[in-house]
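Here are my notes for you to read with the structure open beside them. Take the points one at a time and find each residue as you go.

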Amino acid sequence: MEKKSVFRKFLYSQKAAPYVFVLPFVLTFLIFFAYPIVDTIVMSFQKVSGGGNEWVGLKNYQTLLNPVFYKALKNSILYMILSCALMIPIPMFLATMLNSKAMKAKGFFRSIMFIPALTSVVVAGVIFRLMFGELEGSFMNQVISFFGMEPMVWLRRTVPVWIALLLLCLWRWTGVNMMYYLSGLQQIPGDLYESADIDGASSIQKFRYITLPLLKPTTVYVLTISIFGGMAMFTESYLLFNGNNSPNNVGLTVVGYLYRMGLTQNNIGLGSAIGVVLLIIVLILNVIQLILNGTFSKKGD
Amino acid sequence: MKKKNTVLSVLLIIFFVIVALITILPLLLLFVSSFRPGSDLMRYGLNFDVNWATANLDNYQLLFSGQNNYFTWYKNSLVITVVQVVLALFLSACVGYGFAMYNFKFKNALFACVLVVMMIPTEVIILPLYQLVIKLGIMDSMWGIILPYVVVPMLIFFFRQYLSGIPKDFLDAARVDGCTEYGIFARIMVPLMKPSFAAMGIYQGMSSWNNFLWPMIVVRSQTKITLPVGLQSLMSPYGNNYDILIAGSCFAIVPILILFICFQSYFIEGMTAGGVKG
């Protein structure tokens, strides 16, 4: 009885309370993040099987030096770059237009453009897969035949596949990124524009010297999520091709290759090696970004 | 000057009407097609050529007929979403509160861990996580989906940010009045956090409801899978399930659309919560 109340007293003390509050994070971090990370690094040097794991040194990494993995890596990096190149300027432009004084019914259009973000990647994937169907009558073939082009099998050759993937990304995320830019724009003080007006600045000058620099924090954030989202892309491709196999691997990404090796072919060691490569890429991107931001903010001060 | 503004307004509105039409076009296409026979879709593809004479509600009738697992998946998704939202909100609010209101040893190191988890795509660890779930014996159950993601760094970050605006004197006053540390959290802070619970509830609800990759890996039985995984399984190459697929996809969006129309501001706040504030 005595012991229990001492424990109780300690548990309720101001000293112990913060640890109790953060305990759920500590536990899940150790069990579901730190342990798996260590585990995947260890397994990347092993041949994993039911009977016991066997050390194989760098063999898994050597196996990765193959054209299919290069293709997956190339696809992921290209997707990351292209999606950043689209998902920053377009939402920024739309947000600036929507935020302009002359625009009416802002709230209505804002809501409409947000709707695609509500659909799950599966529903979006179903729609896009069928829109880009190979039949002559499928929607995209109707669109191109309207412009006098022959109907085609979209999801087979490189360029049409990339058009489909990027349009899917653009459709789902433009509204969300636009929302980030709108809140960024609303934090720019209006008197900056007024004094620029007095100085006789043109709209383009105002955009270049006021809007663009002051939106930098938003751009950095959108860039960050686009980089990591792009690098880890998998489900979009999985749904578009209705599985992890695309003709000639046109839609294969790093995570797709990880899934194929680790889960489909049950080669956990090789899959782990792919995970480690992805981890290293992400860490490098993080460091680059931190360095760039650090130096930029010093200049800005 | 005034005239110029009106012209500009009209041009802008025309531009945004076009953008809005393009935005809703894919959903409209899905919706319109849900009234066509599935065999039509197989033969002609997904397009706007609807023969309204043959349009009917057969697909929806089939959906509601109970001869498929659709509503089992729907129920699974609902249960998982509700459980995950409640647990994630409560646990992450506790952690965020701990970080915001106290000073303790290892605080900065632990918070750095929160940021690291946010920065690393979860796909990196799906293989070891999958093996862990097998070892823990929660494979093929909803706990396998929920447990690894029950404390959400994004929510911790948001709650900490939200609470850092509340003066700490508040706590001392409550302590003087004899309130315990946990009483302060439950009776004073939780009510103050209500608006953030709404936004974060929507954020977490949307990601649980729409989650695809992890539930697909963890749960395999036809009666235990979630709605997105189930819908994907209908997309077979033989196309005999297109009727349910299209109508089912529509029916999966509609409740969210209704919620969105009612709670727009919470949705936008919740789903863009990661944005830079100030």
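1. Start with Asn248(A), which sits in the loop between α13 and α14 of chain A. (Helices here are DSSP runs of H or I with at least four residues, strands are runs of E with at least two, and both are numbered from the N terminus.) Its phi is near 60°, a positive value in a residue other than glycine. Most residues other than glycine have a negative phi. Asn248(A) counts as exposed, with 11 C-beta neighbours inside 10 Å. For these labels, C-beta atoms are placed from the backbone: 20 or more others within 10 Å makes a residue buried, 12 or fewer makes it exposed, and in between it is partly exposed.

2. A word on what you're looking at: this is a predicted model, where local features need pLDDT of at least 70, side-chain atom pairs count only at pLDDT 80 or more, and totals for chains, interfaces and linings use all residues. Residues are numbered from 1 along each chain as its sequence is written, while chains are lettered from A and ligands numbered from 1 in the order in which they are written.

3. Now try Asn242(A). It lies in the loop between α13 (235-240) and α14 (254-264) of chain A, and it has a positive phi too, about 50°, although it is not a glycine. Is Asn242(A) buried, exposed or partly exposed? It is partly exposed, with 16 other C-beta atoms within 10 Å.

4. Pro89(A) belongs to helix α5 (residues 89-99) of chain A. It has 11 C-beta neighbours inside 10 Å, so it counts as exposed. Met178(A) is 89 residues away along the chain, yet the two C-alpha atoms are separated by 9.8 Å.

5. Next, the domains, whose bounds come from an automatic or database domain assignment. Chain A has domain 1 (2-43) and domain 2 (59-300), with 37 Å between their centres, taken over C-alpha atoms. Chain B is divided into domain 1 (2-64) and domain 2 (70-234), and there the centres are 36 Å apart.

6. How do the chains meet? 78 residues of chain A are in contact with 70 residues of chain B, where contact means C-beta atoms, placed from the backbone, within 7 Å. Helix α2 (residues 17-43) of chain A gives the largest share of chain A's side, 17 residues. That side divides into 56 nonpolar, 20 polar and two charged residues. (Nonpolar means Ala, Val, Leu, Ile, Met, Phe, Trp, Tyr, Cys and Pro; charged means Asp, Glu, Lys and Arg; the others, Gly among them, are polar.)

7. Chain B has 15 helices and zero strands. Its radius of gyration is 24 Å, well over the 19 Å that the globule rule gives for 278 residues, so chain B is more spread out than a compact globule. (The radius is taken over C-alpha atoms, and the rule is 2.2 Å times the number of residues to the power 0.38.) Of its 278 residues, 42% count as buried.

8. Finish with helix α11 (residues 194-210) of chain B. Its buried residues include Tyr203(B), Met206(B) and Trp209(B).

Terms used: Contact = placed C-beta atoms within 7 Å.
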